[in-house]
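Biologist: I'd like to learn how to read a model like this one. Could you walk me through a few features?

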Amino acid sequence: MNSIIEDIRVRKIIDSRGNPTIEVDVLTVSGFGRAAAPSGASTGVKEVKAFPEGDIDKIISDIEDILSSELIGMDAEDSREIDAVLKEIDGTKDLSSLGGNTIVAVSMATAKAAASSYGLPLYKFLGGNFSFRLPYPLGNMINGGVHAGKRTPDIQEFLALPKGASTFKEAVLTNSKVHKRIRELIDKKDKTFTGGKGDEGGWTPNITSMDALEILSEACENVSDETGVEVSCGLDFAASELWDHERKKYIYERDVLENDPGEQIDFVIDVIKSFNLYYVEDPFHENDFESFAELTKKVGDKCIICGDDLFVTNKKYLAKGIKYGAANAIIIKPNQVGTLTDTYDTLTLAKENQYIPVMSHRSGETTDETIAHLAVAFSCPIIKTGAIGGERIAKLNELIRIEEEIIDSSMAELER
Ligand SMILES: C=C(OP(=O)(O)O)C(=O)O
Ligand SMILES: [Mg+2]
């Protein structure tokens, strides 16, 4: 039994925002796995709690003792059992006792240790020999909202998807061209721009969302013409951050726009049509399943409507969404739900119901590359993990390596 757990180490490291997070090492008889947890800024209220209350250093040493006494001697290969034990030790619904970030790091590090015990990369260990498809990278080009500073666009993410790329490497290089082109276009529009970037490596100009959309659209078109690779545009509204619960309105401060829920639906449809958007994430706040359903009914045949804060990678909320017909895609962030098993179960439900699973980074990231492997292992047609920036390219470059390693690899199938 080469995959029996022999030791567990938990440490505090920093993420891309300079905030503390948790990294876990798992040692088995003949393998080793390491994973670190990311953190969100526009977190959904239904997500598990990232950290328990209290002094993180004290928590870490306590947690290491507890985990060691429970997990040493278990088989790292048995992810479902490991995850069940983690949840049992935690004992809370929102994982607030150990913290979702601790649990997800242990869950992922254990799976990596099991893969290593068999001498396999994680994507192959989890996905087997028939996981040969690479996801399309959905790249963050302009950052706004809570991922950027004051006077930046209200909408959180302006995205590009090189859906005409025939290889992952070509797709990544195409996105980097769009990113560069956008800088040139911003320089023309915002004369004070000094090249600042936001949490996910997108530019942070002092312009409105509408101007940012014009620039995104022009850059995607320019690069498509220049390279022959079709590049589509997308947005993450992160609308829970725009929603004023008291006034029941979406407030766009920079654009000086206020939309009630009905106006927001019309506005989103108008933007999708005017800019020929291929992808829209969280256009409504996290509890508005009805508006999601109306939008999906109206434009879901042409545009990917993706729920992030709406579903928080949780199969319970996804099941509700399926009932409503809300969305046709779901963001998959393992730390929103806490374990690899729960992530897998949500993904499976999504696929059974023709929801596109979009594997995703968080705005606060480390150089951990686990989600690159999960995207291939679980056949996600899209991965959202930035376009540039060390912690973002850690995933993109890992996928370039994976593509090289897979015999007869091909890009995912994307319809619409
Ligand atoms: C990645 C995102 O942001 P965060 O990690 O801040 O939730 C997102 O909203 O899709
Ligand atoms: Mg989002």
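Modeller: Gladly! Start with residue classes: Ala, Val, Leu, Ile, Met, Phe, Trp, Tyr, Cys and Pro count as nonpolar, Asp, Glu, Lys and Arg as charged, and the others, Gly among them, as polar. A residue is near a molecule if its C-beta atom, placed from the backbone, lies within 6 Å of it. This is a predicted model, where local features need pLDDT of at least 70, side-chain atom pairs count only at pLDDT 80 or more, and totals for chains, interfaces and linings use all residues. Residues are numbered from 1 along each chain as its sequence is written, while chains are lettered from A and ligands numbered from 1 in the order in which they are written.

Biologist: How do the residues of the shell around ligand 1 divide?

Modeller: Into three nonpolar, six polar and three charged. Among them are Asp236, Asp308, His361 and Arg362.

Biologist: Why does ligand 1 lie between domain 1 and domain 2?

Modeller: Because domain 1 (4–119) and domain 2 (133–411) both give residues to its shell; the domain bounds come from an automatic or database domain assignment.

Biologist: And backbone angles: which value does phi of leucine 95 take?

Modeller: A positive one, near 55°, in a residue other than glycine. Aspartate 282 also has a positive phi, about 40°.

Biologist: Is leucine 95 buried or exposed?

Modeller: A residue is buried if 20 or more other C-beta atoms lie within 10 Å of its own, exposed if 12 or fewer, and partly exposed in between, with C-beta atoms placed from the backbone. Leucine 95 has 26 such neighbours, so it counts as buried. Aspartate 282 is buried too, with 29.
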